[in-house]
Amino acid sequence: MAAFDPARQDGYAPLAGYAALSDGRSVALVAPDGSLDWWCVPNMDSAPLFDRLLDAPAGGFFSIAPVADYRVERAYREDSNVLETCFHTVDGSVRLTESLNSGSAGRLPWCELGRRVEGLSGRVELRIELVPGTQGQTVSPWMRSTPNGEVMHVDGVMATLRYCERLEILQCDDRRLVARLVLEAGQRSVLALTATENEPLVVPSLDEVDQRIDRSDQAWREWAQGFAYRGEFLSEVKRSALALKLLLYSPTGAIVAAATTSLPERIGGDKNYEYRYAWVRDAVFTIKAFLRLGALGEAQAALAWIQNVIRRHGNRLHTCFTLQGELAPAERTIPVPGYRDSQPVRVGNRASAQCQLSLYGDLLETFRLYASKGHVLDFATSSLLTDLANLCADGWRQQDAGMWELPEERHYTLSKLGCWFALDRAVTLAREGHIPDAMCGRWERERDRIRDWVNEHCWSERKQAYTFYAGTERLDAGLLLGIRFGFDGGERSVSTLAAIRRELARGPLVYRYSGAEREEGAFLACSYWMVEAHAVLGEVDQARELMREVLAASLNGVGLMTEMRDPHDGAALGNFPQGLSHLAMVHAALILEEPEPEA
């Protein structure tokens, strides 16, 4: 177990201190002090039942912690997303085991949080506090007495807390429940919070909830034990895969980018965005990771989700969607303070309407990998891929918003590389007989034109590097992906890597592009892309050493990652847990075992 500091600053816990729980439908975040500060019910993109993460003065939470001063150790159970936290006081120790439970047949049709407290030594008095959130002061929670117990109402959500007779209620009203629990060595108590939205509420027995904590643990373990990877970073790969599984929305197969909204990329800054949507790029990266790890069920579900949303909305690729497959709504702000007063707090995302040409390459490569693993493309999918390749061949000369979703449309170099990648993979799929080859000659010619265009317009002799976009001297760490694509395996790739490391890296951490250091932290995925680039270029020993440094700088004590880290003080920044950070880590580990460009 790792030690954690339970201290808060102005009511906010450090982002690096959080752990996540999931049931395949919702995600809860628990701070080191035993406070559950974020839980959107019933779905990952629902309004939060608990929201102290973004509103320390008035937000909702559900906490269990000793009354006396204590120190904290915590860890996930091995190969599991069931969390254990040990509180140690001068009088004794207790262990808190937490799970968003699943049932014997998989996901439950209601939300069920199980929190088991066990006395390990001595005697410990605990304070339990439950405060429902107000959804940004837009609803007013209230309690109702029913023949079957007290029920909490928050807008359309109905929830009930079950507990044993040992727990003593000190206060219970519309706004707050406060209780006292004393445990001695060998004693245990279970608390169960169940919730539904606009439907009747199941009230299971405490014994059933207690058993489902261990049953959920077993289900996580069984899933994690089937991975194909057996390399140096096995424990980190398993934890990252489990983090990705946390973010998989099982009702549709969508992959949410992160479980939170508006966690800042710089404390006090305004780059605070909504990530509770499914990005096409994250989804295809996840599919590729799951295919390579052997998690075929999750890969197939995500693949089906992508095909369905493309067919529903037309072959023009949109950047992100809701978990139900609709276009992500326009941005709006909500009146809450934000994490450590970082405003605005946003719901919705403007990126949905942007054009990002590099998505063509991500999609075509994913289906190529799917076919290369021995799986079969149906006629409708083959036709879809042909249409996408033709759209890419027609549209690669356009300006777009780029991978970083910037407001200025330009000829971003990575977008052109993505189009080159798409057409190169379309040619491969056609030659291997997976899609029709009638347009193969045209795809080859356009692919070669893109290469020539990039080399003419996006190369800096002064920097000896491919640049952020045509006509600039600025650099983009996203171009490290071009080395994985195999766009140029020669001296230009080597010198581009050196320039990016020289200009954008701060130790093992890497900023996204020139100038980003003035407005945000270092982007963790970029560090793992740098590991990949060194490995693909044959510098495997250097890549392994860098991988160790990046892991030490990016993982929190339970093995999870945010979007960014501040290179100056190591503070975690951005939404959490961040799928792209974990995806980049898994791909880097896999490439270290087979350091060849994607072919």
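Tutor: Start with one term: contact means heavy atoms within 4.5 Å. Keep in mind that this is a predicted model. By that cut-off, 39 residues of domain 1 are in contact with 42 residues of domain 2.

Student: Ok, and where are domain 1 and domain 2 in the chain?

Tutor: Domain 1 covers residues 2-223, and domain 2 covers 227-593. Their centres, taken over C-alpha atoms, are separated by 34 Å.

Student: What area is buried between domain 1 and domain 2?

Tutor: About 3300 Å², with carbon and sulfur atoms giving 65% of that. On the domain 1 side, the residues that lose the most area to domain 2 are L15, L54 and W223, and together they account for 26% of what that side buries.

Student: How many salt bridges are there across the interface of domain 1 and domain 2?

Tutor: The rule finds 1 salt bridge across it. Separately, look up D79 and K238: their side chains meet in a salt bridge, at 3.2 Å from N to O.

Student: Why would side chains pair like that?

Tutor: Side chains of opposite charge can pair because their charged atoms come close.

Student: And how many residue pairs are in polar contact between domain 1 and domain 2?

Tutor: The count is 18 residue pairs, both residues being at pLDDT 80 or more. As for the side of domain 1 that touches domain 2, at least two residues each come from β1 (2-4), β2 (19-22), β3 (27-30), β4 (35-40), β7 (71-76) and α1 (206-224).

Student: Which of them gives the largest share?

Tutor: β2 does, with 4 residues. By residue type, that side of domain 1 divides into 24 nonpolar, 8 polar and 7 charged.

Student: New topic. What does UniProt list for residues 17-91?

Tutor: An unreviewed UniProt entry places the feature "domain: Trehalase-like N-terminal" there.

Student: My viewer flags the peptide bond from V41 to P42. Is it cis or trans?

Tutor: The bond is cis, with omega near 5°. P42 is in the loop between β4 and β5.

Student: What about the bond between F576 and P577, cis or trans?

Tutor: A cis peptide bond joins F576 and P577, and omega there is about -20°. You will find P577 in the loop between β29 (572-573) and α13 (579-593).

Student: Last one: R340. Is its phi positive or negative?

Tutor: Positive, near 50°, and R340 is a residue other than glycine.

Student: And where is R340?

Tutor: R340 is in the loop between β21 (332-334) and β22 (345-347).

Definitions and conventions: Residues numbered from 1 in each chain as written. Predicted model: local features only at pLDDT ≥ 70, side-chain atom pairs only at ≥ 80, totals over all residues. Heavy atoms only, no water. Domains from an automatic or database assignment. Buried area = accessible area lost by both parts, 1.4 Å probe. Salt bridge = Lys/Arg side-chain N within 4 Å of Asp/Glu carboxyl O. Polar contact = N/O pair within 3.5 Å; in protein donor to acceptor, adjacent residues only side chain to side chain. Nonpolar A, V, L, I, M, F, W, Y, C, P; charged D, E, K, R; others polar. UniProt positions renumbered as here; feature names shortened; annotations may be inferred.
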